[in-house]
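Thanks, everyone, for making the time this morning. I would like to walk through one structure with you, moving from overall confidence to the core and then to the charged side chains.

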Amino acid sequence: MDFTPSEEQSAARGLAARIFGDLSTHERLTAAGTGTDAELWKELCAAGLPAAVEDIGLLGLVLLLEEQGRTTAQVPFAATCVYGLLAVAGHGTPEQCERLLPGLRDGTAVATGAFPARGRVHLAEDGALYGAVPWVPWLRDATHVLVADTDLALWIVEVSPPGAEARAAGVTVEPVETTAPWSAGRLVLDGVRGERLGNGPEAYAAVLATARTAFAGLQAGVCAGSLARAVHHTVTREQFGRPLSTNQGVLLRAADAHMDTEAIRVTAYEAAWRHDARRACAAQALTAAWWASEAGKRVVHAGQHLHGGTGADLDHPVHRHFLWGRQLDAYLGCGGEVLEELGLLLADSAPGDGS
């Protein structure tokens, strides 16, 4: 395995770091509230970063999402790339790719996914979709949402563009506020006809593995940003005439958080590298998701605790990392659920008689 970024991946990561660092500031995030930073999204698309994902692969996307996570930038970057660009490019027909990809590349189309499937959407005999999904991230910004029916067949459902007076017939979007400000919504499908994508359960499993890997990369960035803030605070804040960072308890807590962050990062890198190399990556994606859940939770708690009383301030930037980390902890399956999936996968693939 070689996780060394290519020249293109490094260039894209550097550009993303600059844009996120310059535009996703505490002041802008505060002004955005729980909504999307539309100007930042336009800047990312104008720079060609969503479009670049097709060339730099899933590992490149993980690198970009790390930079987003560091600043908790409120844009539908991960969702559009995973449930839109990569899903259509990987499982769409040539006609679907020609029709859908240009809008996803330039940002005029925004995609999200009602993942993971919970058996809430079913395909009726008349070919229409019915059901409700309690919350879907970035749904209020979406023009397309990827849903899976009870048989794990994937369907692209069109949603009216943001700001439209009425949503598409048969589709209802109700705003929902979640822990992290991801412009989420409740999706209700009442007889809408979707567009089939891919070959059923295999396509669903592939998209879910891609999503878990990508969002693990996002969690690595969230944790890195939380830890960086904690380090700065403990180095500059003095107590009893010396920096907080000189206390052994603080050092050990920060060291543990660093190791947890690196574990999230390296497992996400491995899963993404295997995906791009067209190797089996289901177990690696689940491993990355488990670390993102279990270790991510520990890191953002540590980041907040190391700020002492300051960390309890809901308006402090580190609290945003805490909220994102807890949201990502449970998204696409919490640690226990993911671990159960991984155990079943390993048991099914183990040599022997299968007992």
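What you see here is a predicted model, and the protein averages a pLDDT of 92, with 96% of the residues scoring at least 70. Among the elements, helix 5, residues 77-91, has the highest mean pLDDT, at 98, while strand 9, residues 238-239, has the lowest, at 76.

The largest nonpolar core has 79 residues, and the members that touch the most others are L61, F77, Y83, F115, L146, L154 and F215. Helix 7 gives the most to this core, with 14 residues. That helix, residues 201-236, reaches 52 Å from its first C-alpha to its last, close to the 52 Å expected for its 36 residues at 1.5 Å a residue, and 26 of those 36 residues are buried. If we take F115 and leave aside its neighbours within four places in sequence, its contacts include Y83, L146, L154, Y204, V207 and L208, and also Y331 and L332. Apart from this core lies another, of 18 residues, among them A114, V145, W155 and L189.

Now to the charges, where the structure holds 16 salt bridges. In one of them, the side chains of E66 and R265 meet at 2.8 Å, N to O; because E66 lies in helix 4 and R265 in helix 8, the pair ties together parts that are 199 residues apart in sequence. Both partners are covered, E66 being buried at 2% relative accessibility and R265 being buried at 12%.

A second pair is found within one helix: R326 forms a salt bridge with D329, with the closest N and O atoms 3.3 Å apart, and the two are three residues apart in helix 10, so they are separated by about one helical turn. Here R326 is partly exposed, at 30%, whereas D329 is buried, at 5%.

Which side chain of opposite charge is nearest to the buried R320, and how far away is it? R320 is also found in helix 10, residues 317-330, and the nearest such side chain is that of D315, 7.3 Å away, so R320 has no salt bridge, given that one requires a side-chain nitrogen within 4 Å of a carboxyl oxygen. Beyond four places in sequence, R320 touches H26, L29, T30, T72 and Q74.

Notes:
Residues numbered from 1 in each chain as written. Predicted model: local features only at pLDDT ≥ 70, side-chain atom pairs only at ≥ 80, totals over all residues. Heavy atoms only, no water. Helix = DSSP H or I, 4+ residues; strand = E, 2+ residues; numbered from the N terminus. Buried < 20%, exposed > 50% of the residue type's maximum accessible area, 1.4 Å probe, protein only. Lys, Arg positive; Asp, Glu negative; His and termini not counted. Contact = heavy atoms within 4.5 Å. Expected span 1.5 Å × (residues − 1). Core = buried A, V, L, I, M, F, W, Y, C linked by side-chain atoms within 4.5 Å. pLDDT = per-residue confidence, 0-100.
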